[in-house]
Amino acid sequence: MNTLLVAAGIHTLRGDPNAEPARALLLDGDRIAWVGLAEAAPAADRTVDLGGAWVTPAFVDAHVHATATGMALEGVALATADSATQALDRLRRHAADSHSPVLLGYGWDDFGWPEGAPPTAEQISQAAPGRTVMLHRVDSHSCLVDAATLSRLPLQTLAGVVRDAEGIPTGWLQEAASEAAQSEVRQRIPASQQQAARTAACRTAASLGIASLHEMGHPGLSGLDDARAWAAGDWPIEVITWWAQLDLAAALGHGLRPGGDLFLDGSIGSGTAATSSVYGPAGDNGALFHDDEAVAAWFSDCTAAGVGGGVHAIGDRAIEQAIGAVEAAAAAHGVDAVRRCRHRIEHVELPTRRHVQRMARLGIVASVQPAFDATWGGDHGLYAARFGTEAARSSNPLAWFAQEGVAMAFGSDSTVTPLDPWGGVAAATHHLGGLGLPRSAALAAHTLGGRYVAGQDDVGALVAGHRADFAVWDADPFASDDPTALRCLSTVVAGGVAHGDLTLNGSRAGRTAGGFSASP
Ligand SMILES: [Zn+2]
């Protein structure tokens, strides 16, 4: 049984954007069978009138830490805490409300806090006595822990332990120390709590019109068990899992995509992004976590195997290392072989114009988070404070990528910024340095970009033959002044309804029962 959907309009994101929009879409199983004007529609077994609703391709969030996203929905919300005192107050209240042995907080940002430092391990233990506590910094590159957790870590051997004037560890752990602490704490989280968090992340994504998440699995941040749970699970939406280890065989052996959030450097907020200029609290310029040869050998392995690899590179020195490594792979295997892989660089926040041109030649995809610019860019944000206004204005240079022909895949890096695809589109159009995109290009980067970089050539634009992944909105996304006000009425993944008022008779894929029926 096939179903004809009739809407106020359908933005297919294929063909002439100025042409009269399609209004009807024929759905057959998990595929789109036909798209066009309503009066030209073929006969169908059933017709569903969506009234004034509009349809677009579904969003892809191409960079997510999805278990943490689900945990954060239940955890201590610290993104709006204005001081260390306020963060501790929220922890104290959460401890009183929760029965979990492990309390997790997300999103604190000490930039501008009056105390000049985040809370100490002692203060955290006083706020939540007897609990294991981990409070993740907004950039996910450092965390705060309680005193008991701190005492269990091998602090002498770890890099990234912040100490006070007397040399005593404060409880603030960065990079390697933060990852060690996360591994320690993760074992204490009940499995049922983790599984519930995964499902919650998918449902929240679906409610926002997201049909596909790129889960950025990481040995230090989330662990192999979590990545394997994502890869093996059956979720309400599609989840593609990457694995940030410089070991191609390990990733493929576990059924995971190679790389992703594979850190070549750290972050700007934690002062660990690798740049050519000196900056940050420690007055240095960050460090590269791997040597050039190892990164080049890995990209060469990926290219020889015909699979796309991804690396996290924020500062210009890390971006240089990533591009140089892909150039070495091109020298060994040819530019065409490299381009076919659609390798990706995550964040790519501080590239030079020349970097962008070299990425275009190699077909490297920029996996970018427009909300980073909205949060930290512009003349008065963190990036300007670190690097000066000129560098801040050309951070996350979306227009450069577009002008040079670099494909973009948008994401949130949730929990760094929230799952909020229209917020990402809005941030991309209002780039604080003037390097933004038209709304149509931003929408394409947030819907089609993630499909392209994942090698999914049969899903994305709403055309006949493609998999039926789309989102239904309460108004025309191109007519509304503020797209963040749009409400997602339904999200469809592979012909099955993952969210909203449309209901399928039967399974998620919709192949057994066939077709939509309008719900009461
Ligand atoms: Zn990253």
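Helix H1, strand S7 (76-77), strand S8 and helix H13 each supply at least two residues of the lining of the largest pocket; helices (H or I, at least four residues) and strands (E, at least two) are DSSP runs, numbered from the N terminus. The model is predicted, so that local features need pLDDT of at least 70 and side-chain atom pairs count only at pLDDT 80 or more, while totals for chains, interfaces and linings use all residues. Residues are numbered from 1 along each chain as its sequence is written, and side-chain values use heavy atoms, with hydrogens and water left out.

**Pockets and cavities**

On a 1 Å grid over the protein atoms alone, a pocket is an open set of points with protein on both sides within 12 Å along at least five of seven lines, whereas a cavity is a set of points where a 1.4 Å probe fits but cannot get out; lining residues have an atom within 4 Å of a point. Grid points are joined across faces, edges and corners, and a volume is the space filled by probe spheres set on the points.

H1 provides the largest share of the lining of the largest pocket, three residues. Of the 25 residues that line this pocket, Ala-79, Tyr-106, Gly-107, Thr-415 and Pro-418 lie nearest its centre. In the second largest pocket, lined by 20 residues, those nearest the centre are His-11, Thr-12, Leu-13, Asp-16 and Pro-17.

The structure holds three cavities of 30 Å³ or more. The largest cavity is lined by 20 residues, and Ala-68, Tyr-106, His-136, Gln-182 and Leu-221 are the closest to its centre. Two or more lining residues come from each of helix H1 (66-74), strand S8 (102-108), strand S9 (132-137) and helix H5 (175-186). H1 gives the most to this lining, with four residues.

For the second largest cavity, 22 residues form the lining, and the closest to the centre are Asp-139, Ser-267, Ile-314, Phe-372 and Val-416. Strand S15 (257-263), helix H13 (370-376) and helix H14 (382-387) each contribute at least two residues to it.

The table sets out the volumes and the lining classes. Ala, Val, Leu, Ile, Met, Phe, Trp, Tyr, Cys and Pro count as nonpolar, Asp, Glu, Lys and Arg as charged, and the others, Gly among them, as polar.

| Space | Volume | Lining residues by class |
|---|---|---|
| Largest pocket | about 530 Å³ | 15 nonpolar, eight polar, two charged |
| Second largest pocket | about 440 Å³ | 11 nonpolar, five polar, four charged |
| Largest cavity | about 320 Å³ | nine nonpolar, eight polar, three charged |
| Second largest cavity | about 180 Å³ | 10 nonpolar, seven polar, five charged |

**The nonpolar core**

A nonpolar core is a set of buried Ala, Val, Leu, Ile, Met, Phe, Trp, Tyr and Cys residues joined through side-chain atoms within 4.5 Å. Buried means under 20% relative accessible area, exposed over 50%, and partly exposed in between (1.4 Å probe, protein chains only). The largest such core has 67 residues, of which Ile-345, Met-359, Phe-401, Met-408 and Phe-410 touch the most other members. Helix H10 (residues 316-333) supplies the largest share of this core, eight residues. In soluble globular proteins, nonpolar side chains tend to be buried together.

Contact means heavy atoms within 4.5 Å.

**Cysteines**

A disulfide is a pair of cysteine sulfur atoms within 2.5 Å, and the structure holds zero of them. For Cys-202, the nearest cysteine sulfur is that of Cys-488, 15 Å away. Cys-202 counts as buried because its relative accessibility is 0%. For Cys-341, the nearest cysteine sulfur belongs to Cys-302, at 7.5 Å. Cys-341 also counts as buried, because its relative accessibility is 6%.

Pro-370 has its place in helix H13 and counts as buried because its relative accessibility is 3%. Pro-370 and Phe-410 are 40 residues apart in sequence, yet 7.2 Å apart in space, C-alpha to C-alpha. Beyond four places in sequence, Pro-370 touches Leu-398, Phe-410, Gly-411, Gly-424, Ala-427 and Ala-428.

Thr-241 lies in strand S14 (residues 238-243) and, at 6% relative accessibility, counts as buried. Leaving aside neighbours within four places in sequence, its contacts are Glu-215, Ala-227, Trp-230, Ala-231, Leu-256 and Arg-257.
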